Amino acid sequence: MKIAVLKETAANEQRVAATPETVKKLLGLGAAVAIESGAGAGARIRDEDYVAAGATIGARADVIGGAHMVLGVQGPAPDDLPGIAAGTIVSAILSPFNDRAKIDAYAAAGLIGYAMEFMPRTTRAQSMDVLSSQSNLAGYKAVIDGAEAYGRAFPMMMTAAGTISAARLFVMGVGVAGLQAIATARRLGALVSATDVRSATREQIESLGAKAIFVEKVAGIEGEGAGGYATEMSDEYKAAQAELVSSHIAKQDLVITTALIPGRPAPRLITDAQLASMRPGSVVVDLAVDSGGNVEGAVAGQIAERHGVKIIGHSNPASRMAPDASALYSRNLFNMINAFWDKEAKAAVWPADDDIVKGIKLTEGGKIVHERLAG
Ligand code: NAD
């Protein structure tokens with residue numbers, strides 16, 4: 001089985017879908033790995049490092065030629081896969097809701113598209129979950145970016161010259177990114193509070209030593225929510241949440257928002273009027289900016305400023321930690337291939353009725369086959 005690893009072409013994408021470590025592991029299974037020249041540059045991996053691990057290096061058309069599976073971080077454009085054969089698996093973050101035309105083109109070309117971000121959230125698939133591996137780093141980096149822009153100390157410092165008070169940091173949305181943001185901000189010494197719509201997060205917030213700030217007047221989502229995910233909230237809940245946030249946010253130095261709803265635009269959590277209530281010099285980091293943003297005035301790929309408050313809207317935050325993000329992402333891919341590896345066939349075999357295969361497979365045999373994309 002030949003596995004091809006592409007150089008990413010999207011703007012701001014520094015990650016890569018294989019590292020020398022995962023190349024060695026794939027070779028250990030019995031696969032052959034071909035890497036597009038320069039693919040690792042953004043993640044600080046040289047072509048010669050891949051060669052030392054046992055991969056071949058080539059131009060895009062050469063690595064794709066004869067490949068049974070093509071690995072990417074972001075889904076490659078269908079017209080940028082020279083010589084790809086029908087029946088080849090393309091495994092990447094395919095973003096079907098943002099770019100349906102691409103998925104239709106994969107189907108038309110007879111490709112088998114595996115959307116890594118559709119990985120089921122089951123115990124068995126945990127080691128293949130790219131949303132978790134990448135969000136964790138994004139949550140960490142949001143605090144580091146916020147601290148840099150804040151330009152003041154996080155911990156309380158009692159010095160001979162007087163006391164510096166601790167920074168107050170509020171995390172909105174306590175999934176994987178939010179939990180890591182809480183943990184990172186606590187390690188740096190901030191006073192941390194956090195909120196979510198799912199009641200199961202209250203205990204998680206408190207166990208990390210942060211204060212849970214919850215809407216009490218209107219019921220949120222019981223427990224974890226469906227599959228661990230939130231849904232759009234009622235107007236009544238949104239009004240109660242806005243009131244709660246308005247009273248809390250004015251006292252915060254930093255806010256990190258991470259709230260997402262699968263398949264929908266990100267919920268709006270902070271209005272311009274609420275930003276105006278914050279002290280000038282405060283910082284808001286919007287990790288949901290690529291999905292429409294949680295914060296009014298956030299601009300993808302920019303640091304905006306409103307009422308003296310900086311709004312950090314870095315696109316693709318995980319890519320800002322490309323070496324670590326690539327190491328984890330490529331292990332997610334290896335773990336998936338390894339789980340389906342057939343030792344005798346020396347190839348991965350993907351049973352159509354397997355819940356992981358059903359979960360991630362978008363296209364096959366010229367058609368869209370995923371139920372979430374039907375119709
Ligand atoms: P996500 O990225 O979809 O959303 C981030 C957070 O925003 C979520 O906690 C969500 O509840 C919250 N949110 C959505 N709308 C909101 C609003 N209006 N106001 C405030 N908060 C809002 O979430 P995620 O990081 O993918 O994690 C979701 C859950 O899935 C977590 O509980 C996580 O532990 C769980 N999970 C399970 C597995 C597994 O079992 N294999 C793997 C990863 C994550």
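Helices (H or I, at least four residues) and strands (E, at least two) are DSSP runs here, numbered from the N terminus. This is a predicted model, in which local features need pLDDT of at least 70 and side-chain atom pairs count only at pLDDT 80 or more, while totals for chains, interfaces and linings use all residues. Residues are numbered from 1 along each chain as its sequence is written, and side-chain values use heavy atoms, with hydrogens and water left out.

Let's stay with H6. Its 13 residues (176-188) should span 18 Å at 1.5 Å a residue, and the end C-alpha atoms are 19 Å apart, which agrees; the expected span is 1.5 Å times one less than the number of residues. Among the buried residues of H6 are Ala-177, Gly-178 and Ile-182, where buried means under 20% relative accessible area (1.4 Å probe, protein chains only).

Now for the cores. A nonpolar core is a set of buried Ala, Val, Leu, Ile, Met, Phe, Trp, Tyr and Cys residues joined through side-chain atoms within 4.5 Å. The largest has 62 residues, and Ile-35 and Trp-350 are among those touching the most other members. Helix H10 (residues 322-339) gives the most to this core, with six residues. Apart from it lies another core of 27 residues, including Tyr-150 and Leu-287.

Overall, the protein chain has eleven helices and 19 strands, and 50% of its 375 residues count as buried.
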